[in-house]
Amino acid sequence: MAQQQGIIVLVDIANALQARTLTGNVYLFDNMAFLGSTGQGTADLVTICPGTYWADGSQATEQVLNWLPASLGSIPPTVPRSYHADRAQATDQEALEEIAGVADRAGDPSVDTAAELEGLRRRVGARARRPRGGRAPAIGKVLDVTGNVVTGEGQAYNHPNPVITDITGQAVDEKVMYPAQYGSPDMVSDGWYWAASVDTARPGTYRYTMHIQLHELVWRNDEPAWEPVDLTCESAIKVISDPKRNAFTGAGLGMLPMP
């Protein structure tokens, strides 16, 4: 069975959008540090791809890489999937309850009903449009990182997770890595993720390029919309010819030692 390797692509979206580059704004991690991956927590991660040969020298199976993009400083992906919808529903419910109060005061000449309704409309928040061609998730109302609705231009907001749109470069061109986008009921990536099989019969270091789409909130005529911003960053894999071994014992595969 192929060994599954995870690579977290953590993006500082706010700074990346401001600088219009991922350079210095990406932090990469994988779960193979114990076997020799280097550059953990930096943009210079080199993911080790070992375990392609059995102890007798015969070739074992390929490796499989899985990329998991995440946003630094945003609502964490570990909150319930219904979080955004629940918050939107809660603000709508609060608005309905306040409308009843405004209606009760409508007969009072000292009350500016129009101003109260306008204030109420702003507190309800707004839903951002997704432009054609963009890949921003349809997440309903715009929220900040504390889960409160964004009521106007210039306020801090929660960025949607970065989206990997392609993987290219040396490792792909030389047919060492075969990336593709897959779909599954994944709890973190909203069902879509990128994975790749690695031909581990060709030891060496190979670079690859991740194409990542971020989303920036822009306001036009008091209406928000997610504008896609396409950027790239590089990483590398290092395929080695070490024998496949047991991660617990560091020795060849076989029975685990009994205490």
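Predicted model: local features only at pLDDT ≥ 70, side-chain atom pairs only at ≥ 80, totals over all residues.
**View 1. Phe29, partly exposed at 33% relative accessibility.** Phe29 belongs to strand β2, which covers residues 26-30. Together with Ile8 and Leu68, Phe29 makes up a nonpolar patch on the surface. The accessible area of Ile8, Phe29 and Leu68 together is about 220 Å².

**View 2. Parallel pairing of strands β3 and β9.** Strand β3 spans residues 46-49 and strand β9 spans residues 223-239. Four bridges connect β3 and β9 in the parallel sense.

**View 3. The antiparallel hairpin of strands β8 and β9.** Strand β8 (residues 204-220) runs antiparallel to β9, and 17 bridges join the two strands. Two residues lie between β8 and β9 in the hairpin. In the turn, Asn221 has a positive phi of about 55°.

**View 4. The second largest pocket, with about 280 Å³ of space.** The lining consists of 15 residues, of which Arg121, Ala126, Thr151, Trp219 and Asp222 are the closest to the pocket centre. Helix α3 (113-124) and strand β9 each contribute at least two lining residues. The largest share of the lining, three residues, is supplied by α3.

Methods. Residues numbered from 1 in each chain as written. Heavy atoms only, no water. Patch = residues over 30% accessible without salt bridge, like charges linked within 9 Å, V, L, I, M, F, W, Y side chains within 5 Å. Areas by Shrake-Rupley, 256 points an atom, 1.4 Å probe, with all protein chains shown as cover. Salt bridge = Lys/Arg side-chain N within 4 Å of Asp/Glu carboxyl O. Buried < 20%, exposed > 50% of the residue type's maximum accessible area, 1.4 Å probe, protein only. Pairing = 2+ DSSP bridges. 1 Å grid on protein atoms, 1.4 Å probe; cavity = no way out; pocket = protein on both sides within 12 Å on 5 of 7 lines; lining within 4 Å. Points joined across faces, edges and corners; volume = space filled by probe spheres on them.
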